[in-house]
Amino acid sequence: MNSQPTSAASQCSTAFHWKVTLLCLLTFPVLMALGFWQLDRAEQKRAREAALDAVRTQPPASLPGTDLAEIEEQRRLLLQGHYLTGHNWLLDNRQRDGQVGYEVITPFELSDGRILLINRGWVAAGERRADRPDPLAPEGEHTLFARWQAPSDHPLLDGRTADAGWPKVIVAIDPEVMAGAFESPVLDHYARLDDGSPGALITGWQDLEVSAAKHLGYAVQWFAMAAAVVIWLLVTLMGLRKRRRTTTANSAECGSGSSPND
């Protein structure tokens with residue numbers, strides 16, 4: 001009497017578990033690939049960190065006085081010249097300790113007449129968007145310590161701005177675009193000012209946005225999710241096997257308990 005409902009339920013259960021199996025088989029390799037990708041990213045970051053450590057041990061490069069082709073990114077600089085006061089760019093969307101603000105970019109004219117853009121550090125934004133900070137740079141000749149930085153190569157970000165006056169708000173440091181404000185040549189890199197140098201604001205620079213350790217943590221998370229998928233699949237298959245045994249046993253009991261006249 002109950003064989004047809006039991007058979008239908010068994011077929012539905014089998015179809016469901018096959019869908020779960022297919023989902024797990026598709027998900028597992030993706031999660032594993034993401035884990036290995038994060039391991040590769042961690043190795044890249046370790047290599048970059050080692051390269052940066054080697055650069056930091058080098059003596060400061062003097063500007064003027066050093067061939068620009070010999071200066072590696074993050075190399076410490078010894079700069080001689082003066083700030084071009086009254087020309088501040090505000091690098092937008094910069095946060096420190098949860099507070100919105102800007103990084104202040106001020107041109108620095110080297111003693112040979114070339115201009116280097118200096119990231120002087122962070123300053124808090126005003127209460128209103130229109131209240132733009134404009135911290136003055138010290139006047140006169142100065143010796144600065146800073147680090148050589150390459151501008152971002154993001155295709156959607158550049159230094160163009162619609163602001164007519166100063167300070168000007170930008171979303172990226174782009175020496176090529178920003179050079180239009182001056183007649184003197186502007187170097188194609190910029191410098192992050194060291195704490196304690198004349199004109200420095202709040203620095204505390206972070207060299208790498210994501211460290212090698214974080215990438216390793218992400219890899220562990222992806223591998224853990226892959227392991228969870230395998231466990232889920234095994235539990236599901238064990239449940240299916242148990243249900244089949246129960247169904248078979250129940251069918252056997254019903255068959256043995258039925259009379260020939262039924």
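Predicted model: local features only at pLDDT ≥ 70, side-chain atom pairs only at ≥ 80, totals over all residues.

Colleague: Is strand β4 largely enclosed or open, and how many of its residues are buried?
Modeller: Look at residues 99-110, the stretch that makes up β4. Being buried takes a relative accessible area under 20%. The strand is largely enclosed by the rest of the structure, because the buried ones among its 12 residues number 9.

Colleague: Which strand joins β4 through 9 bridges?
Modeller: Let's go through the pairings. Strand β2 (residues 76-83) runs antiparallel to β4 with 3 bridges, and β3 (residues 89-96) is antiparallel to β4 too, with 6. The 9 bridges, again antiparallel, belong to the strand at residues 115-124, β5.

Colleague: What positive phi does G113 take in its hairpin?
Modeller: In the β3 and β4 hairpin, with 2 residues between the strands, D97 has a positive phi near 55°. The hairpin of β4 and β5 has 4 residues between its strands, and there G113 takes a phi near 95°.

Colleague: Which side chain makes a polar contact of 2.4 Å with Q149?
Modeller: Q149 lies in strand β6 (residues 141-149) and is buried, at 5% relative accessible area. Residues it touches include E73, H189, Y190 and R192. The 2.4 Å polar contact is with the side chain of Q74.

Terms used: Residues numbered from 1 in each chain as written. Heavy atoms only, no water. Buried < 20%, exposed > 50% of the residue type's maximum accessible area, 1.4 Å probe, protein only. Pairing = 2+ DSSP bridges. Polar contact = N/O pair within 3.5 Å; in protein donor to acceptor, adjacent residues only side chain to side chain. Contact = heavy atoms within 4.5 Å. Lists of a residue's contacts leave out its neighbours within four places in sequence.
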